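I am opening this notebook to record what I looked up in the structure below, entry by entry.

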Amino acid sequence: ISEELQQAQEEWKAVEEMQSGLGEPSAGAAPLISFNEALQYFQTADLGECRKKVRAAVPRRGLAALLRFLLGPPRLQPQLQGERELALAMAQCALDDNEGVHMRILQTIYKKLTCSRLSCPRYGAHWEELGFQGPDPGTDLRGTGMLGLMQLLFFVMDSQTLPLAQEIFRLSQHKTQASSATLPLLQSFPFCLMSVNITHIVLQALREERLSRECNRRQQVIAVLNDLYAAAFLQLYRLWRWQHKTIADSGFLLKELELSTKKKPKQLLKSLEAYVKRSPAADALQQLSPPSGCGTSEEINFTGICDLQVEL
């Protein structure tokens, strides 16, 4: 490296530090954090207070217990219970400005979605541009906690799903499309808020033991959660793009996506696998089409924003 090039690099680095807006000289140079590094942090962190918020399930007795045993989904194997509890604890962990790992997760998501080299302020309108409801992303995480950010981090840091995440983010930025009455309809959707809703859906599927069979087969819990999250986002992306959905359809689509995630998780996972492998079957797989007569309402009701009571 020539002396001039080295000097130019140092000057650019100084510009990054000054424009980061975080009030810390080293913030602009903070490295991206991988999903595994962030997960290791939560595995070793003291989540005692978060675990206390996880409500224990009321055990079934009598006929309900018998029906659950005969007709219900299989139970999660004992050796996987710890990983399940970790996921539920992360869902109760709030975004903390004083935790460096939390802030690195937030900054990594911002940089990967915007392709920016610079960090950004903790609060501001730039988070609304990413699809949060306001200038503070933590407000939208009440229902999913840090698990909501962790799944988004997985989405943008995994080399196989990053192109999908960026494509969905671009689709979310589309503004309008013409309706049958030639009136403009809002086609864009809040990307990060949609992500939080999908995390809420897969979390509910985990709580209801709809994923136990797949978790037992793979001997993993969080990895299954992440793959199902990405698969559900892929399904929503296809429906939104191919059927020209608008923001008025979002509540209906999320409800249908919830049913598909709970009843047909295996089909969603196979669709994601085909997409990742870029096989010709990726777009030929049978889609989970919503029923006819999709209504369009002016009132948009996103699920999963209120406080979530998770249980063991």
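**Entry 1: a buried helix**

I began with helix α5 (residues 81-90), where Arg84, Leu86, Ala87, Leu88, Ala89 and Met90 are buried. By buried I mean under 20% relative accessible area, with exposed over 50% and partly exposed in between (1.4 Å probe, protein chains only); helices (H or I, at least four residues) and strands (E, at least two) are DSSP runs, numbered from the N terminus. I noted that this is a predicted model, in which local features need pLDDT of at least 70 and side-chain atom pairs count only at pLDDT 80 or more, while totals for chains, interfaces and linings use all residues. Residues are numbered from 1 along each chain as its sequence is written, and side-chain values use heavy atoms, with hydrogens and water left out.

I then asked what covers the buried residues of α5. The cover includes α2 (35-44), α3 (48-52), α8 (145-157), α10 (191-207) and α12, where contact means heavy atoms within 4.5 Å.

Asn226 counts as buried because its relative accessibility is 4%, and, not counting residues up to four places away in sequence, Asn226 touches Phe35, Gln151 and Phe154.

The largest nonpolar core has 82 residues, of which Phe42, Ile105, Leu149 and Met150 touch the most other members; such a core is a set of buried Ala, Val, Leu, Ile, Met, Phe, Trp, Tyr and Cys residues joined through side-chain atoms within 4.5 Å. The most residues in this core, 14, come from α12. Leaving aside neighbours within four places in sequence, I found Ile105 in contact with Ile33, Ala38, Phe42, Met146, Leu149, Met150 and Leu153.

**Entry 2: cysteines**

I looked for disulfides, each a pair of cysteine sulfur atoms within 2.5 Å, and the structure holds zero. Cys192 counts as buried because its relative accessibility is 1%, and Cys215 is buried too, with a relative accessible area of 1%.

**Entry 3: lining by class**

Which classes make up the lining of the largest pocket? I recorded nine nonpolar, three polar and 14 charged residues, where Ala, Val, Leu, Ile, Met, Phe, Trp, Tyr, Cys and Pro count as nonpolar, Asp, Glu, Lys and Arg as charged, and the others, Gly among them, as polar.
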